[in-house]
Every structure is written in C-alpha cells, then in structure tokens.
Amino acid sequence: MTAQHEIRLKTVMRQAGSIAILVLLIMVITRSALACSFHTYKPAITLVDRILESQTLVLARQSKETAFRFRITSILQGDVKDPEIPFLVDSTTRHRLEKNAHDSILFALDGKGNWRFLSYIDVDRKRLLDMVLQRAGMWRSQTHHPDRLEKLSIYLNHSNQDLHNLALQEIDRVPYETLSALKVSVPVERLLTSLKSARDYQYEPINTLLLGLSRTPEAGPYLRQQIARMRQNLPIRSLGAVATALIEVEREQGIQHLNRLFLVDRNQPMDKVETVVQAMAIHSKLGSHQLRRTIDETLVGFVRRRPVGAGAVARQFSAYQNWFIGPQLEAILESGTQLTPATRLQVAIYIAQSKASRK
C-alpha cells in the first residue's frame with residue numbers, strides 16, 4: 001500500500017472511529033457464531049451432553065408393588081437421598097419394560113432435587129451409556145474432544161435410527177475442517193433416502209455435507225439439482241451446506257458453477273451470495289493451491305463487478321481466519337474501486353489482520 005493510500009486510510013479510520021468499533025464487533029460476533037459448522041445455527045443438546053452435565057444418574061424400572069411407579073435399580077453416579085422418582089410409568093413404557101427384562105429408564109437428578117427423564121435404555125443404549133460414563137472425565141475436558149467424535153461417529157452406521165441420529169447431532173456442530181478430517185463414511189443410499197424424507201428435515205445440512213465428503217458419482221447430480229432449486233427460491237437454509245458439498249465433489253468445476261449461478265447474477269440477493277462466498281472461504285483454507293487460486297480469481301472478479309461484495313468476502317474470510325485473499329483485496333482497495341466507507345473499512349481491517357497473521 002502506498003504512503004498516500006496509508007494516509008487516506010488512517011484519515012478514514014480516524015473520522016469513522018465509531019464505525020470501526022461497530023465493524024470490529026460485527027466481525028468478532030460473526031467469527032464466534034461460525035466457530036462451529038456454519039450449517040447449524042442452534043446445535044441440539046444431545047443425550048451425551050445430558051449425561052455429561054448431570055450430577056446424579058440412575059437407572060429405574062417399574063415397581064413390583066406399584067406398576068405405575070418407578071423404582072431405582074442402579075445408581076450410576078452421585079448420591080440419592082430421596083429415592084422416589086415423581087413420574088408415573090405410562091402404559092407404553094410399562095409394557096415395553098415387561099417384555100424386556102434388561103431394559104430400564106435413565107433419569108438424572110440435579111442439585112436442587114429435580115428429576116429429569118433422559119432416555120429409554122435398551123441393550124444398544126446401555127453400551128453407549130457405559131462408554132460415555134467411562135470416558136466422561138476426558139470428554140468434559142475439551143469441546144469437540146477427538147475421542148468423543150471418533151467413538152460416537154461410529155454410530156452413524158448403526159441400524160438403530162435413534163443412535164444414528166444421535167451421531168448426526170454430535171458431528172453436526174463441529175467445524176467443517178474437523179468433520180472432513182474424521183473420514184466418516186455413511187452409505188450414499190442412506191444419505192439420499194434421508195435427504196428426500198421430510199421426517200429428517202432437521203438433518204438436511206449435515207447429511208448434505210456427508211454426501212459431499214463421500215465424493216461418490218451420485219453426489220454431483222443431486223447437489224447440482226439442489227443448487228438449481230435454491231437459486232430460484234428464497235429459503236437458503238441449506239445453501240451453505242450444498243455449496244460446500246458441491247465444491248468438495250467437483251472442486252474447480254464446482255466453483256465455476258456456483259460463480260455462474262450466484263456471483264455473476266446481479267439479481268441474486270446478497271445474503272445468498274454471501275453464503276456461497278462462505279463455502280468458498282472454507283475450501284480456500286482447506287483445498288489445494290489450484291483450488292485456492294480458482295477461488296481467489298473468482299472472488300476478485302466478483303468484487304470488481306459488484307463492489308458491495310467486498311465486505312462479504314472480508315467478513316467470511318476473516319470469520320474462518322483465512323488470510324489467503326488479503327493481497328488481492330489490498331490490490332482492489334488500492335485500485336480506487338468505489339466502495340462505501342463501511343465496506344472499505346471492513347476490507348482494510350481484514351487486510352490488517354491478514355498482514356498480522358504473516359508476521
């Protein structure tokens with residue numbers, strides 16, 4: 001950056017101190033919100049979470065004396081001063097327990113004496129429960145503990161649909177970089193069946209990402225079909241996941257396809273465009289040199305055609321701490337491209353972050 005540009009930038013920043021603070025806050029908040037996989041905005045609290053956060057855990061069955069009352073059969077952890085569980089055994093649960101002598105119900109007791117139902121425990125869930133309790137101390141020590149992800153991701157291929165869904169919930173909140181490193185494999189037929197089922201709507205983003213990571217021949221046509229639909233429709237809930245998966249499968253061709261459908265089209269709303277930019281920011285950090293070069297060239301062309309997009313590029317690349325496009329954005333800033341003061345400031349902040357990361 002020339003001395004003249006540096007003076008101009010410093011002047012702008014002095015005159016817009018309050019804007020700078022606002023932009024910085026926005027970027028910090030964005031980074032925090034995107035620390036986990038972008039495709040999930042409110043991660044589900046899983047059964048494993050409930051087990052790990054509980055002080056006291058017990059197993060219970062129906063009482064022999066009163067069939068509609070629970071009786072504690074095993075204290076797994078903690079202390080129980082009052083063994084009476086204030087829940088009735090409903091008819092469905094009672095009949096199920098009567099048919100399965102080794103099954104039970106998992107309850108948690110908090111420090112205030114409140115009981116909470118956690119899960120019906122059959123043979124498969126009992127194995128899961130034993131594993132979680134055995135590793136509880138280790139798993140509590142770190143968010144997204146590698147051992148937790150490794151052990152629970154095995155359940156992705158479990159025949160029990162509830163345990164399969166539990167595994168989906170567990171991996172649905174990790175960064176894409178972590179997800180791709182897990183090397184998990186789910187049969188494509190199972191993924192496509194789930195993606196086409198209204199019942200599994202909440203798992204659409206994570207199933208889409210897993211489909212992309214499978215890199216199977218069936219993935220490309222399905223993802224292109226979804227992209228075409230999302231280009232026309234306003235809802236963009238899974239657009240980020242589909243765009244990320246398409247790049248995973250088609251690499252440079254996927255970038256070019258997304259560019260034609262979203263970045264070149266000035267009629268596409270900016271929130272949808274930024275979601276596509278987000279997917280490119282992810283792959284720019286993880287992909288090959290050739291893929292990164294294609295992404296850089298694509299986004300530079302996008303910003304020159306639509307300068308308002310420079311803010312989106314700066315936000316998304318900063319959110320993923322991806323500094324590769326810093327020199328290209330700096331060249332655009334120096335070229336005199338017409339940017340709003342707020343956008344110019346966002347780009348300048350990203351460039352400063354990019355330079356700081358290389359020191």
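Predicted model: local features only at pLDDT ≥ 70, side-chain atom pairs only at ≥ 80, totals over all residues.
Residues are numbered from 1 along each chain as its sequence is written, and side-chain values use heavy atoms, with hydrogens and water left out. Local features need pLDDT of at least 70 and side-chain atom pairs count only at pLDDT 80 or more, whereas totals for chains, interfaces and linings use all residues.

The axes of helix α5 (residues 123-140) and helix α7 (residues 161-171) come within 10 Å and cross at roughly 30 degrees, which makes α5 roughly parallel to α7 (angles under 35 degrees count as roughly parallel, over 145 as roughly antiparallel). Asp124, Arg125 and Leu128 of α5 make the contact with Asp162, Leu163 and Leu166 of α7, contact meaning heavy atoms within 4.5 Å. These contact residues divide into three nonpolar, no polar and three charged.

Helix α6 (residues 146-153) packs on α7 at an angle of about 150 degrees, with the axes 9 Å apart, and the two helices are therefore roughly antiparallel to each other. The contact involves Arg148, Leu149, Leu152 and Ser153 of α6 together with Ala167, Glu170 and Ile171 of α7; by class, the residues of this contact are four nonpolar, one polar and two charged.

The largest pocket holds about 290 Å³ of space (on a 1 Å grid over the protein atoms alone, a pocket is an open set of points where a 1.4 Å probe fits, with protein on both sides within 12 Å along at least five of seven lines, and lining residues have an atom within 4 Å of a point). Its lining comprises 18 residues, of which Ser180, Lys183, Leu213, Arg215 and Glu248 lie nearest the centre. Two or more lining residues come from each of α8 (176-182), α10 (204-214) and α14 (270-286), and α8 gives the most, with four residues. Nine nonpolar, five polar and four charged residues make up the lining.

Terms used: Axes fitted to C-alpha atoms, helices over the stretch in contact; angles between N-to-C directions. Parallel < 35°, antiparallel > 145°, perpendicular 65-115°, else oblique. Nonpolar A, V, L, I, M, F, W, Y, C, P; charged D, E, K, R; others polar. Points joined across faces, edges and corners; volume = space filled by probe spheres on them.
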